[in-house]
Amino acid sequence: MKRIAAKTVYKGIALGKIHVMQKSDSSVNRSRVDDPENEILRVHQSIDVAESQLQELYDKAVKEVGESNAAIFEVHQMMLRDLDYVESIENIIRTQQVNAEYAVAVTGDNFAEMFAGMDDDYMKARSADVKDISERLICCLKGGTSQGDVFKEPVIIVADDLAPSETVTLDKSKILAFVTVHGSTNSHTAILARTMNIPALIGAEMNLDELKSGMDALVNGFSGEFIIEPSEEIREEAKRNIQKEKEKQELLEQLKGKENVTLSGKKIKLYANIGSIGDLGYALENDAGGVGLFRSEFLYIGKNELPSEEEQFQIYKQAVQNMAGKKVIIRTLDIGADKQADYLNLGKEDNPALGYRAIRICLTQTDIFKTQLRALYRAAVYGNLSIMYPMIISTEEVEKIKKITAEVKQELAADNIPYKDVEEGIMIETPAAVMISDELAKMVDFFSVGTNDLTQYTLAIDRQNAKLDPFYNPHHKAILKMLQIVTDNAHKEGKWIGICGELGADPELTETFINMGVDELSVAPSAILKLRSIIRQIP
Ligand code: PEP
Ligand code: MG
């Protein structure tokens, strides 16, 4: 038995087998082989394995994100069986008498280069797909697993760190907990763990090389401990605690359908933060009054190309339809900093959090922005959709947004495509936006405060840097004063205001927010019923 201390980002207890996610080792050695035919047989066997992995991914994706988005896994299956691709691998093995891994790596590079050099944008984008399938095939040849795997049994994911793009491709129903060596409480991976209601530990002091997938372990998010091969006594105690948690949850379930109202009659809306339509189930299960933040950038990351207007339209439409009349606030693309999509070639920056991100990308690459806006206005026809814009720092930005949205609507009208006007708001997540919130309030329909970024920019504390945790005070007076300022400025103009950063779910501040006059809190779905229970006990 080994106890490893860690920091909790989401409480909960999980008991099960671990799966160690090593950064995929894509290095391949060239070695001579005596029996090329046997290597070719290995290639074909691995193609079968890779194909069945892709089929499972396809089936899961159809359920979670719809057929059009799942289609990429079908394309990968076809590419794996492409005659030219397979023949090239076989030729290299036969003529050079080399190992299968090497032949796949060379073929993958050659084909990727060939696609990248084509004029057609669609074919160019296939370059990344060839690389992807080749990596998957090499991984299968090495007897390993690759990112995006479907686990047979639910597992505790153990990793050095997890990028949001990695977390989002994992099969959520097969994850018992996350444990990482690095990471920070406000990172997007931590936010995803909270959304999915999955116990998560960061800063675990462990050497990944000493751990093997399949080992038994216990994640205790209450004590901040990761215990490898726990004793029978500890396992029994954990089982009792899991049962107690279940009972507490059952009590909270009784609050479903009840109002978020204090004993003296003050009301507040409780909405859910989601990262994909797959999370809508969590929002509905937890009785969310709506979706207060749909982080649309997760449609852009973890894939090889920009999502098309049609793909986005289908997803936003499904979101509003599933929420059946409840408000769904979709935030436009907030990519950059820790949320990267390689195909966008955003480039390396010295200060990415202060860099080319979010609305700054949308206002300069207007084709990307317009595609998303078209999809949003079209989807609005099917339900209660609102749009909000991230990282605003000036009134000029809002004016530019208004000009672009007007153009988009004109273009839709000219093409006779049905669309609907919607409520439009901005995120208040920079100190600049707070200071001019009186002017901004006149220009938009609502504010939603992104306390994660507002705190990082106000306190000059990088939200990704775990070393700064001792300096990080989420209850800093500066933030609370700012919240009061923006709330008052919104209300002066008759606009509503919500909080969609992680602070909104802090139970120690619920009463403060209600007294400030905040109209809505948008939180991880798993926090909704706990907050409802707190609100209903406030005098
Ligand atoms: C925030 O900054 O508080 C916010 C809600 O946006 P994100 O966490 O996605 O940056
Ligand atoms: Mg933000």
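Which side chains meet in a salt bridge at 3.5 Å, N to O? In this structure, which is a predicted model, the side chains of Arg357 and Asp453 do so. Arg357 is placed in the loop between β11 (328-331) and α11 (359-364), while Asp453 belongs to helix α16 (residues 451-459), so this pair ties together parts that lie 96 residues apart in sequence. Arg357 is buried, with a relative accessible area of 2%. Asp453 is buried as well, its relative accessible area being 3%.

Because Glu429 lies in the loop between β13 (423-428) and α14 (431-435) and Asp453 in helix α16, the two tie together parts that are 24 residues apart in sequence. Both Glu429 and Asp453 are buried.

I turn now to salt bridges elsewhere. How many salt bridges does a search of the whole structure find? The search finds 31. One of the salt bridges joins Asp287 to Arg532, with the closest N and O atoms 2.7 Å apart. This pair links distant parts of the chain: Asp287 sits in the loop between α9 (280-285) and β10 (291-295), Arg532 sits in helix α19 (residues 528-535), and 245 residues separate them. Are Asp287 and Arg532 buried or exposed? Both are buried.

The loop that holds Asp287, between α9 and β10, is also the place of Ala288. Ala288 counts as buried, because its relative accessibility is 1%. The C-alpha atom of Ala288 is separated by 5.7 Å from that of Ala272, a residue 16 positions away along the chain.

Another salt bridge is formed by the side chains of Lys370 and Glu407, at 2.9 Å from N to O. Lys370 lies in helix α12 (residues 366-379) and Glu407 in helix α13, so the pair ties together parts 37 residues apart in sequence. Here the two partners fall into separate classes of accessibility: Lys370 is buried, with a relative accessible area of 18%, whereas Glu407 counts as partly exposed, at 28%.

Which residues form a negative surface patch? They are Glu396, Glu399, Asp438 and Glu439. The elements giving two or more residues to this patch are α13 (395-414) and α15 (437-443). Glu439, found in helix α15, counts as partly exposed because its relative accessibility is 42%.

Finally, I would draw attention to the backbone at two positions. Most residues other than glycine have a negative phi. In Ala324, however, phi is near 40°, a positive value. Ala324 is found in the loop between α10 (309-322) and β11, and it counts as exposed, at 64% relative accessibility. Asn345 likewise has a positive phi, near 45°. Asn345 is found in the loop between β11 and α11, the loop that also holds Arg357. Asn345 counts as exposed, at 65% relative accessibility, whereas Arg357 is buried.

Key: Residues numbered from 1 in each chain as written. Chains lettered and ligands numbered in written order. Predicted model: local features only at pLDDT ≥ 70, side-chain atom pairs only at ≥ 80, totals over all residues. Heavy atoms only, no water. Patch = residues over 30% accessible without salt bridge, like charges linked within 9 Å, V, L, I, M, F, W, Y side chains within 5 Å. Areas by Shrake-Rupley, 256 points an atom, 1.4 Å probe, with all protein chains shown as cover. Salt bridge = Lys/Arg side-chain N within 4 Å of Asp/Glu carboxyl O. Lys, Arg positive; Asp, Glu negative; His and termini not counted. Charge placed at Lys NZ, Arg CZ, Asp CG, Glu CD. Helix = DSSP H or I, 4+ residues; strand = E, 2+ residues; numbered from the N terminus. Buried < 20%, exposed > 50% of the residue type's maximum accessible area, 1.4 Å probe, protein only.
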